Amino acid sequence: MLDRGLIDAVAAHEHDTGDTVFRGHLARSRYGPTVFFTPPWSEIFATIFATSAERWHGFHEASREYELLRSVYANLGYDLRELASAPVPNRADALLSTLGLS
């Protein structure tokens with residue numbers, strides 16, 4: 001498992017500037033083929049993030065960023081898997097099953 005920070009950073013740069021100069025680097029520097037996405041669940045934002053000083057953006061911004069990143073990863077050919085809004089053990093089971101580790 002690897003940090004997806006590079007793709008996120010390039011997506012933010014492209015979104016902010018319209019400049020796609022770094023897109024070629026992403027095609028050459030591939031991560032594993034499956035990417036798990038956790039959508040911004042409103043119930044989590046309402047309870048946890050609303051009171052967090054570290055969280056600098058709200059639900060609307062998180063939803064926009066989520067859609068942007070899904071689009072970028074899909075365009076790069078990654079297999080996107082969305083984790084369901086379910087109890088943590090259920091999400092862990094789904095993740096392990098997808099990876100063939102259950």
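## Glu-14 and its surroundings

Leaving out residues up to four places away in sequence, Glu-14 touches Asp-19, Thr-20 and Arg-23, where contact means heavy atoms within 4.5 Å. Glu-14 is found in helix H1, helices being DSSP runs of H or I with at least four residues and strands being runs of E with at least two, both numbered from the N terminus. With a relative accessible area of 12%, Glu-14 is buried; buried means under 20% relative accessible area, exposed means over 50%, and partly exposed lies in between, as computed with a 1.4 Å probe on protein chains only.

This is a predicted model, in which local features need pLDDT of at least 70 and side-chain atom pairs count only at pLDDT 80 or more, while totals for chains, interfaces and linings use all residues. Residues are numbered from 1 along each chain as its sequence is written, and side-chain values use heavy atoms, with hydrogens and water left out.

## Overall architecture

The chain contains five helices and two strands, and along the sequence these follow the pattern α-α-β-α-α-β-α. Of its 102 residues, 21% count as buried. Among contacts between residues at least 6 apart in sequence, 66% join residues at least 24 apart.

## Helix H1 and what covers it

Helix H1 has 13 residues and reaches 18 Å from its first C-alpha to its last, close to the 18 Å expected at 1.5 Å a residue, the expected span being 1.5 Å times one less than the number of residues. The buried residues of H1 are Ile-7, Val-10, Ala-11 and Glu-14. Seen down the helix axis, these buried residues fall within an arc of 100°, so they line one face of H1; the arc is that of the directions from the helix axis to the C-beta atoms. An α-helix has 3.6 residues a turn, so residues three or four places apart point the same way.

What covers the buried residues of H1 includes helix H2 (23-28) and helix H4. Leu-26 has its place in H2 and is buried, with a relative accessible area of 1%. Not counting residues up to four places away in sequence, Leu-26 touches Leu-6, Ile-7, Val-10 and Leu-76. Leu-26 and Val-10 are 16 residues apart in sequence, and their C-alpha atoms are 8.3 Å apart in space.

## The aromatic cluster

The structure holds three aromatic pairs, a pair being two rings of Phe, Tyr or Trp (its six-membered ring) whose centres lie within 6.5 Å, with planes under 30 degrees apart counted as stacked, over 60 as edge-to-face and the rest as tilted. One of them joins Phe-37 and Tyr-66 edge-to-face, at 5.8 Å centre to centre and with 75° between the planes. Phe-37 lies in strand S1 (residues 34-37) and Tyr-66 in helix H4 (residues 59-75), so this pair ties together parts that are 29 residues apart in sequence. Phe-37 is buried, with a relative accessible area of 5%, and Tyr-66 is buried as well, at 9%.

The rings of Phe-37 and Tyr-73 have their centres 5.4 Å apart and their planes at 85°, so this pair is also edge-to-face. Tyr-73 lies in H4 and Phe-37 in S1, so the pair ties together parts that are 36 residues apart in sequence. Ring pairs link Phe-37, Tyr-66, Tyr-73 and Tyr-78 into a cluster.

## The nonpolar core

The largest nonpolar core has 13 residues, of which Ile-7, Val-35, Phe-37, Tyr-73, Leu-76, Tyr-78 and Leu-80 touch the most other members; such a core is a set of buried Ala, Val, Leu, Ile, Met, Phe, Trp, Tyr and Cys residues joined through side-chain atoms within 4.5 Å. Helix H1 (5-17), S1 and H4 each supply at least two residues of this core, and H4 gives the most, with four residues. Leaving aside its neighbours within four places in sequence, Leu-80 is in contact with Val-35, Phe-37, Arg-70, Tyr-73 and Ala-74.
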